[in-house]
Amino acid sequence: MKIIKIEAFVCRSQLKRPMWSLQPWRGGLPRIADFIESVIIKVSSSDGLVGYGQTVGVRFQGPKILSIGAECKRLVEKIVSPKIRGENLYENEVIWRKLWKDLKSKTYGRAVLAGVDVALWDLKGKALGLPLYALLGGAYRKTVRLYASKVPGLKNINDEKETSLLVERLRLLMKKGYTAFKLGGGLGVESDIRSVEVARETVGSKCKIMFDAGCVYDLKEAFKLGKHLQDLDVEWFETPLPPNKMEGYAELAHKLDIKIATDAHPDPSQVLSLLTEDGIDVVLSDVTSGGGITVSKRIATMTELFNVEFSVHAGWHISAIGYAASAHLSASAPNLNFQEGRIHFEDNPLGNSMLKEPLKVENGYLRVPEDAGLGIEIDEEALLRYEK
């Protein structure tokens, strides 16, 4: 069976309410999104089957959120489509490598490859009549534990209203059944410490708390904060340093008892460098931006070999397609701890509203779809309502 058509749809929608859980820019200005944008990839085969994928439609430039969907679509039309039309759909990993050679030098090439890769895996699963997790080696679990992400930390520790809002948000998530939460920090060491203290007082000792610093600290600040976080029994300390400070990650991992985590190193070669230096405890990989399922599965295997935990990252832009792909990867990873659970997913116009049957999250667990491919059925009419 052959690939006969590749399409890209830039889908954008205003949000009903601004998204307040985005990481602050290191310059101190908040990143608030009032729209969401994703690029949906559709790959059609000669026997009438269709596979869907998704990649990012936005990026950060300082505190600003910019649309990149049009450029991603251009790369699909100019590079991807001519390259893979007529290819055997079963050879998706061979296709991935061919595309990587042409896309790796492009600014958004990795993101485009991610969306195409997910669509090819979906198409292959449908052609074989198997759920994606079966193609990845099988399911170690059929429900995936989510952590509620990313609850914003406190900017002003003396603002009682802000503190009350943090408590209110955490209590609401607990009522929904979540037992693990990730705070978004990087707001200053003292503010971050107080944020976690409030969170621990609110959720109690049995719930898990993760902390994401957004790559903003230097080594001295990160070490000081990490010491406090480990005393507060935080599960992991994510991206404490800029991505290029690889030696610093290793130093923190060696000197602190808290687990050091990263979602800022999408390339397997970067992950391997951290693993060989015993410089990381948890690796998060994103199927919608890091190169697709093919790359994330490779990273998951590497972490297992080094006895390091693996987690599936889900960016704020994620659609139902990306969420479903993440669930299948989560199911297939033996060393998985959590999947990131986006607390805005229900309000996302590109979430369950684009599916004929919604993804199910119950008591903080996401049920892995069982049907062929990604196991979801897209409502194209609903989807194309948001096409730019």
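Modeller: The model is predicted, so local features need pLDDT of at least 70 and side-chain atom pairs count only at pLDDT 80 or more, while totals for chains, interfaces and linings use all residues. Residues are numbered from 1 along each chain as its sequence is written, and side-chain values use heavy atoms, with hydrogens and water left out.

Biologist: What makes β1 and β2 paired strands?

Modeller: Two strands pair if DSSP finds at least two bridges between them. Strands are DSSP runs of E with at least two residues, and helices are runs of H or I with at least four, numbered from the N terminus. β1 and β2 (residues 33–45) share 12 bridges in the antiparallel sense, so by the definition they pair. Within β2, Ile 41 is the residue opposite Ala 8.

Biologist: Why are β1 and β3 at the edges?

Modeller: The open antiparallel sheet has three strands in the order β1-β2-β3. β1 (3–19) and β3 (50–56) each have a single partner strand, so one side of each lacks a neighbour in the sheet.

Biologist: How do you know that helix α3 packs on the sheet?

Modeller: Contact means heavy atoms within 4.5 Å. Helix α3 (residues 109–128) touches β1, β2 and β3.

Biologist: Why are α6 and α7 called roughly parallel?

Modeller: Axes are lines fitted to C-alpha atoms, for helices over the stretch in contact, and angles run from 0 to 180 degrees between N-to-C directions. Angles under 35 degrees count as roughly parallel, over 145 as roughly antiparallel, 65 to 115 as roughly perpendicular and the rest as oblique. The axes of α6 (residues 189–203) and α7 (residues 219–231) cross at roughly 15° and come within 10 Å; the two helices are therefore roughly parallel to each other.

Biologist: Which residues of α6 and α7 meet?

Modeller: Val 189, Glu 190, Asp 192, Ile 193 and Val 196 of α6 meet Glu 221, Lys 224, Leu 225, His 228 and Leu 229 of α7.

Biologist: What makes residues of α9 buried, and why do they line one face?

Modeller: Buried means under 20% relative accessible area, exposed over 50%, and partly exposed in between, with a 1.4 Å probe and protein chains only. In α9 (residues 268–276), Pro 268, Val 271, Leu 274 and Leu 275 are buried. Seen down the helix axis, the buried residues fall within an arc of 120°, so they line one face; the arc is that of the directions from the axis to the C-beta atoms. These residues pack against α8 (246–255), β10 (259–262), β11 (282–285) and α10 (293–305).
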